[in-house]
Amino acid sequence: MKAAFAVASFSLLVAVALAQREDKNICKNDNGYFPHEDYCDYFYECVDGVPYLQLCPNGLAFAGGGRGLINHCDYAHRVGCPDEATGKIMGQPPQGTGSCPYLFGIFPHEKSCTKYWHCWNGTGTVQMCPFSLLYNEVEHACDWPDKVPGCQQHPLCKGIPNGVKEMQGSCVRYWLCVGGYPRLQRCPAGLAFSSESLRCDWATTVPGCEPPPQPVEGEAQQAPTRRQQNRRVTPSEEEVTLN
């Protein structure tokens with residue numbers, strides 16, 4: 001009986017020692033925040049040497065104690081997750097809806113290369129890339145068009161991903177292609193779009209867009225004003241007219 005009790009006590013001490021050793025491997029310090037060994041979106045909060053498993057908001061990954069956007073977590077691509085070197089991946093399944101696969105994150109737009117979705121707590125907001133840039137899904141940022149392969153271009157901008165193109169039938173409007181997508185533009189007053197120089201120029205120099213001729217002085221009579229039309233002739237003026 002005593003032998004069995006001694007064996008059980010020894011086994012318990014070994015288990016406690018192993019648990020303490022494992023906790024020590026997790027908690028580099030008695031208090032702090034430390035990464036999970038397998039998943040980017042899990043982490044440990046250590047209090048007096050005891051680790052407590054914590055979760056990042058859905059779509060975010062552990063960035064380190066006191067870092068990141070929310071609760072020590074940041075966008076997964078900023079943290080470098082998934083990580084091929086360590087094999088770490090996101091452990092939580094997507095919980096988003098619609099254009100936001102995860103509750104938090106930056107995701108490509110389903111129809112446009114110049115736009116992307118910024119998702120915050122499940123609410124998606126469309127963002128526009130700056131002039132002449134396209135959204136790069138790999139980099140999670142706006143990038144030069146030549147670094148975004150496979151981005152479908154609009155037929156109007158075929159062969160002209162960035163530049164201007166004449167709008168048929170219009171003297172003052174033209175197309176500005178940005179990242180393969182057209183944007184309607186208008187020349188300032190007095191100017192017309194030149195298909196030769198591909199810019200707005202004086203309308204008098206653009207064939208077919210010249211302004212209408214102005215009447216020569218003396219050829220056209222000035223119409224009487226309303227005040228002159230309504231003015232009554234006085235008796236004295238009638239006498240002068242009759243005489």
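Good morning. About the S-S bond of cysteine 129 and cysteine 142 the torsion is about -85 degrees, so this disulfide is left-handed. The two residues belong to distant parts of the chain, 13 residues apart: cysteine 129 sits in the loop between β8 (123-128) and β9 (134-136), and cysteine 142 in strand β10 (residues 141-143). Their S to S distance is 2.1 Å, where a disulfide is defined as a pair of cysteine sulfur atoms within 2.5 Å. Helices (H or I, at least four residues) and strands (E, at least two) are DSSP runs, numbered from the N terminus.

Before I continue, a word on the source: this is a predicted model, in which local features need pLDDT of at least 70 and side-chain atom pairs count only at pLDDT 80 or more, while totals for chains, interfaces and linings use all residues. Residues are numbered from 1 along each chain as its sequence is written, and side-chain values use heavy atoms, with hydrogens and water left out.

Cysteine 129 is buried, at 5% relative accessible area, whereas cysteine 142 is partly exposed, at 24%. Buried means under 20% relative accessible area, exposed over 50%, and partly exposed in between, with a 1.4 Å probe and protein chains only.

How many disulfides does the structure hold? There are 8 disulfides, among them the bond from cysteine 100 to cysteine 119, with an S to S distance of 2.0 Å. Cysteine 100 lies in the loop between α2 (76-79) and β6 (105-108) and cysteine 119 in strand β7 (residues 115-120), so this pair ties together parts 19 residues apart in sequence.

Another disulfide joins cysteine 171 to cysteine 209, at 2.1 Å from S to S. This pair links the loop between β11 (163-166) and β12 (173-178), which holds cysteine 171, to the loop between β15 (199-202) and α3 (226-230), which holds cysteine 209; the two are 38 residues apart. Cysteine 171 is partly exposed at 28%, and cysteine 209 is buried at 15%.

I turn now to charged side chains. The count is 1 salt bridge, a term for a side-chain nitrogen of Lys or Arg within 4 Å of a carboxyl oxygen of Asp or Glu. Aspartate 74 and arginine 78 form a salt bridge, at 3.4 Å from N to O. Is its aspartate 74 buried or exposed? Aspartate 74 is buried, at 12%, while arginine 78 is exposed, at 53%.

Finally, glycine 65 lies in the loop between β4 (60-62) and β5 (73-75). Its C-alpha atom is 6.9 Å from that of glycine 32, 33 residues away along the chain. Thank you.
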